[in-house]
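Keep the picture open beside you as you read.

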Amino acid sequence: MLRILVLLLVLLGVALSTWADRYRSTRWRTPLYVAIYPIAADDSAVTSRYLASLDAARFQPIDLFFTREAARYRLDVREPVKTRLRTPLDDQPPRRSPSAGILATAFWSLRLRYWAWRASGHVGEPEDIRIFVLYHDPALTPVVPHSLGLTKGLIGVVYAFAAPEMNGANDVVIAHELLHTLGASDKYSPGNDAPRFPDGYGDPRQVPLYPQRAAELMAGRRMLSADRWQQPESLDEVVIGPATALEIRWPAGSADPPHLSAGR
Ligand SMILES: [Zn+2]
């Protein structure tokens, strides 16, 4: 009985703090500080060289993306997201087993929060959101596991490639998981990754409809024609659609249409 009571109290505390996090993180009065923790996912020399080359400028396209989209939605805060590069970690976050059920997933999520709490917060700077980016040598790991972003604890775990030519694509995944932590949902079909119409289209009112000039961030792919879609190479090809804006409590009603210079 006592053990169950303690467990229930822990879960109640987690639920309350999740609710408070969500309220605080989607008020959009002040910038959200997003700490990026790089982690080498393998022993490859390619990966360690890549990690050594990382600097704060590497993640600036993420900040600029949110500034551009916030302006389009007339958000009060000009720079809604400020990424901060942290020193690489030696430890890897706990992995969820693909067969985990509801209870095992709940425990894994608690373990991840505890792991993140121990691994982070050693600098005197706010960390509203923590994104742990595990870099893989593409020659050793051509396909990485699915990244994830949890509203519980505002934690993202991103599986990325330690390759400069993948920088732009990695940024798209980081921004996608970042919005999951803020409560945004996926806008693609789980079976074939196809963006869902209309919410998963960069501009569902574009004429002609195809090819779409932009991908919607939570769909993660740009429609080339009615039956072809492609991963964007960088955030230059990506926008935040009205459905996603609503989920993260941006003023979705008043957005200007997307203007992309780099869209092809
Ligand atoms: Zn997603």
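**Where helices cross**

Start with helix H1 (residues 2-25) and helix H4 (residues 102-119), whose axes come within 13 Å and cross at roughly 65°. That makes H1 roughly perpendicular to H4, a label for angles of 65 to 115 degrees, while angles under 35 count as roughly parallel, over 145 as roughly antiparallel and the rest as oblique. Axes here are lines fitted to C-alpha atoms, for helices over the stretch in contact, and the angles run from 0 to 180 degrees between N-to-C directions. The helices (H or I, at least four residues) and strands (E, at least two) are DSSP runs, numbered from the N terminus.

This is a predicted model, in which local features need pLDDT of at least 70 and side-chain atom pairs count only at pLDDT 80 or more, while totals for chains, interfaces and linings use all residues. Residues are numbered from 1 along each chain as its sequence is written, and side-chain values use heavy atoms, with hydrogens and water left out.

Back to our pair: the crossing of H1 and H4 is left-handed, meaning that the near helix is turned anticlockwise from the far one by less than a right angle; clockwise would be right-handed. H1 brings Leu7, Val10, Leu11, Val14, Ser17 and Thr18 to the contact, and H4 brings Phe107, Leu110 and Arg113. Contact means heavy atoms within 4.5 Å. Sorted by class, the contact of H1 with H4 has six nonpolar, two polar and one charged residues. In this sorting, Ala, Val, Leu, Ile, Met, Phe, Trp, Tyr, Cys and Pro count as nonpolar, Asp, Glu, Lys and Arg as charged, and the others, Gly among them, as polar.

While you are at H4, look for leucine 112, which lies in this helix. Is leucine 112 buried or exposed? Leucine 112 is buried, with a relative accessible area of 0%; buried means under 20%, exposed over 50%, and partly exposed in between (1.4 Å probe, protein chains only). Leaving aside neighbours within four places in sequence, leucine 112 is in contact with Pro93, Pro94, Leu148, Leu150, Ile155 and Val157.

Isoleucine 39 sits in strand S1 (residues 32-40) and is buried, with a relative accessible area of 0%.

**A second pair of helices**

Now find helix H3 (residues 60-72). With 13 residues, H3 reaches 19 Å from its first C-alpha to its last, close to the 18 Å expected at 1.5 Å a residue; the expected span is 1.5 Å times one less than the number of residues. Buried residues of H3 include Ile62, Phe65, Phe66 and Ala70, and the buried residues of this helix pack against strand S2 (81-85), H5 and strand S9 (238-239).

Helix H5 (residues 167-181) has 15 residues and reaches 21 Å, close to the 21 Å expected. Because 13 of the 15 residues of H5 are buried, this helix is largely enclosed by the rest of the structure. H3 and H5 pack at an angle of about 55°, with their axes 10 Å apart. That makes H3 oblique to H5, and their crossing is right-handed. Pro61, Ile62 and Phe66 in H3 meet Asp171, Ile174, Ala175, Leu178 and Leu179 in H5. These residues divide into seven nonpolar, no polar and one charged.

Finally, follow the backbone itself. Just after H5, glycine 183 takes a positive phi of about 105°. In the loop between H5 and strand S6 (215-216) you will find proline 208, joined to valine 207 by a cis peptide bond with omega about -10°. Proline 211 lies in the loop between H5 and S6, and a cis peptide bond, with omega about -10°, joins tyrosine 210 to this proline.

Which phi does leucine 154 have? Its phi is near 50°, a positive value in a residue other than glycine. Leucine 154 is buried, with a relative accessible area of 3%, whereas arginine 249, with a positive phi of about 65°, is partly exposed at 43%.
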